[in-house]
Amino acid sequence: PKRWLIVPAAGIGQRMQAECPKQYLRIQSRFILDITLSRLLDALPFDGCMVPLNSSDDWWNETEASRDTRVSTCMGGEERADSVRAALQALSDKASPEDWVLVHDAARPCVHRADLERLVSTVGSHPVGGLLAAPVADTLKKGDKSTTPEVVETVDRKHLWRALTPQMFRFGMLVEALENARRNELSVTDESSALEIFGKIPVLVEGRPDNIKVTVPADLELADFLLNRSK
Ligand code: CTP
Ligand code: MG
């Protein structure tokens with residue numbers, strides 16, 4: 001089977017409250033999107049890479065990736081899942097149902113080669129696929145619905161994982177699962193959820209907890225630190 005890469009980059013980064021979408025903020029003078037893409041493309045061979053962009057994107061043409069012949073772009077959608085569906089559609093001419101597709105957030109520049117290699121080798125012979133995930137480290141409390149919530153209970157964190165990316169699935173199965181979620185108006189925030197709703201059982205592959213999604217302003221400094229350290 002072939003291996004495809006989708007890096008959704010069509011979000012507006014509302015929680016970052018910056019003057020541009022967070023994937024176009026710079027860390028050590030490079031766009032986050034360029035850092036993310038180069039780390040993925042340097043770590044593994046792909047048969048193609050599709051980056052869904054926002055329809056009002058003003059920054060893509062400034063990126064290194066825009067001059068990289070391995071990278072193609074398409075129009076993203078309203079939700080992350082819509083952007084991923086658009087990218088799958090854009091690749092569908094060249095892909096076969098049994099091919100693999102890795103989906104990785106543009107906003108996760110700290111992903112490591114060893115995690116990518118472990119994901120691919122662990123999931124490579126699985127019928128469905130799987131995702132990088134990190135065991136939950138904190139004690140978890142369930143709160144009630146009031147503005148100053150009171151503790152309802154402590155949730156046992158054993159067997160609980162934080163879903164990371166990349167998530168790696170069979171191309172045809174991911175297309176069907178996302179279409180099923182859309183048809184049933186179920187919003188999914190990752191690929192695995194769509195597969196789960198569709199009755200498939202993905203594998204959890206333990207990955208580094210520092211594969212953070214740059215989401216709020218404080219994450220920028222953290223990502224800067226993490227990227228500097230791993231040089
Ligand atoms: N994304 C996308 N299309 C969307 C929404 C999100 O391609 N309609 C991408 C983002 O660009 C990001 C990844 O999905 O790389 C993860 O989403 P998230 O962290 O939520 O990014 P944003 O939606 O941009 O941020 P926010 O939710 O704070 O607005
Ligand atoms: Mg979002």
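1. Ligand 1 has 22 residues around it, and the closest are P8, G11, Q14, R15 and S83. A residue counts as near a molecule if its C-beta atom, placed from the backbone, lies within 6 Å of it. By class, this shell holds eight nonpolar, eight polar and six charged residues. Here Ala, Val, Leu, Ile, Met, Phe, Trp, Tyr, Cys and Pro count as nonpolar, Asp, Glu, Lys and Arg as charged, and the others, Gly among them, as polar.

2. This is a predicted model: local features need pLDDT of at least 70, side-chain atom pairs count only at pLDDT 80 or more, and totals for chains, interfaces and linings use all residues. Residues are numbered from 1 along each chain as its sequence is written, while chains are lettered from A and ligands numbered from 1 in the order in which they are written.

3. The chain has six helices and eleven strands. Both are DSSP runs numbered from the N terminus: helices are H or I with at least four residues, strands E with at least two. The radius of gyration, taken over C-alpha atoms, is 18 Å for the chain, close to the 17 Å that the globule rule gives for 231 residues, so the chain is as compact as a globular protein of that length. That rule is 2.2 Å times the number of residues to the power 0.38.

4. Seven strands form an open sheet in the order β5-β4-β1-β6-β10-β7-β11, with mixed pairing. Two strands pair if DSSP finds at least two bridges between them. β5 (71-75) and β11 (203-206) stand at the edges with a single partner strand each, so one side of each has no neighbour in the sheet.

5. Look inside the sheet next. Six bridges pair strand β7 (residues 129-135) with strand β10 (residues 161-170) in the antiparallel sense. In this pair, L131 stands opposite Q167 of β10.

6. Which strand is joined to β8 (residues 140-143) by four bridges? The partner is β9, and the two run antiparallel. One bridge pairs G143 with V151 in β9.

7. Why does β9 (residues 151-155) lie largely in the open? Of its five residues, the number buried is zero, so the strand lies largely in the open. A residue is buried if 20 or more other C-beta atoms lie within 10 Å of its own, exposed if 12 or fewer, and partly exposed in between, with C-beta atoms placed from the backbone. Across the chain, buried residues make up 38% of the 231 residues.
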